Amino acid sequence: MTAPSDLADRLGLAPGARAIILNADDFGMCHAANTAIVDLLTTARIDSTTVMIPCSWSPEALAFAASRTDLDIGVHLVLTSEWARYRWRPLTGTATSLVDGAGFFPIDVLSVEQNASDDDVAAELAAQLQTALDAGVDVTHLDNHMGSVYGLVTGRDFLRPVFELAARHGLPFRLPRSMDGVGENSALQAQLDGAAAAAESYGVEIIDRLWSHPFELLREGTPDEETYEQVRDGFIALLRAVPAGVTEIYLHPMVDDEELRAAVDFSAAKRGYELRLLSDPAVLQAIEDEALVRIGWRDLRDLQRGDAR
């Protein structure tokens, strides 16, 4: 296992601390997401969230974020639109390299890496962040929807415009230094090493590792479909495996209702399970038993801006 960076030390955490950030992705995607995430944030069952600015329900999310500048709320930079029935478009318009034949962001990351121009990506991501700032949000960090800026498919990444944007606004960015816990891939680790060095050159703070669990409900639609209890037990195992350093664990909690099931093509039940996870006594007990230290992205932002505790 890769040794953690000195990030935990620079944050003032105890030697060997196992710090986690529980982040909810996809704030603003739909009302089902907003309902779940607002409750989780205001009851401190998650540490942060990020808003999908191009989505239809982002105004509701942004209005909440602007009213609660004490909470850790960032921008979920979007270049893809993955569902069949519910799509979203770039803020910078449809006469760019960022859209498919129907005028929406493409469904998959491959299309972004093959077709998007650096200039169009830079303009779009800047517009998404500026929309949040103009709405009065005290943006704490940036991350990325579906990993579309990382170069995971073809190796062509869009990290330079992300780092430039993050550095310009004094914001940390969700990028893991290590493949720990997500499989051994020497080529991808080498790619991460280069990206981490680039982030450091821009003065952008990043995390030691980035974890989640399967996005889809395993064996969905079969008699052996994964149960809530199996999802919960897998998540607890994930928590128990967190090593020293700073690890973000991201989920997609949403209310499993008619709106969500009309919007997504699969795994509405999984989104509801993730909402249940975050208030499940067994999960909360695991966090306590493992002595995991919960921090927020604001801590990294303060460090980057020179205001660390």
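Which helix gives the most to the lining of the largest pocket? I looked it up: helix 7 does, with four residues.

**Ground rules.** I'm working with a predicted model, so local features need pLDDT of at least 70, side-chain atom pairs count only at pLDDT 80 or more, and totals for chains, interfaces and linings use all residues. Residues are numbered from 1 along each chain as its sequence is written, and side-chain values use heavy atoms, with hydrogens and water left out.

**Pocket.** A pocket here is an open set of points on a 1 Å grid over the protein atoms alone, where a 1.4 Å probe fits, with protein on both sides within 12 Å along at least five of seven lines; lining residues have an atom within 4 Å of a point. I counted 35 lining residues for the largest pocket, and Tyr 150 and Tyr 250 are among those nearest its centre. The lining splits into 19 nonpolar, nine polar (Gly goes here) and seven charged residues.

**Salt bridges.** I searched for a Lys or Arg side-chain nitrogen within 4 Å of an Asp or Glu carboxyl oxygen, and the whole structure has 19 such bridges. Asp 25 pairs with Arg 174, with the closest N and O atoms 2.6 Å apart. This pair joins distant parts of the chain, 149 residues apart: Asp 25 sits in strand 1 and Arg 174 in the loop between helix 6 and helix 7 (helices are DSSP runs of H or I, at least four residues; strands are runs of E, at least two). Both Asp 25 and Arg 174 are buried, meaning under 20% relative accessible area. I also found them in a salt-bridge network with Asp 143 and Glu 248.

Definitions and conventions:
Buried means under 20% relative accessible area, exposed over 50%, partly exposed in between (1.4 Å probe, protein chains only).
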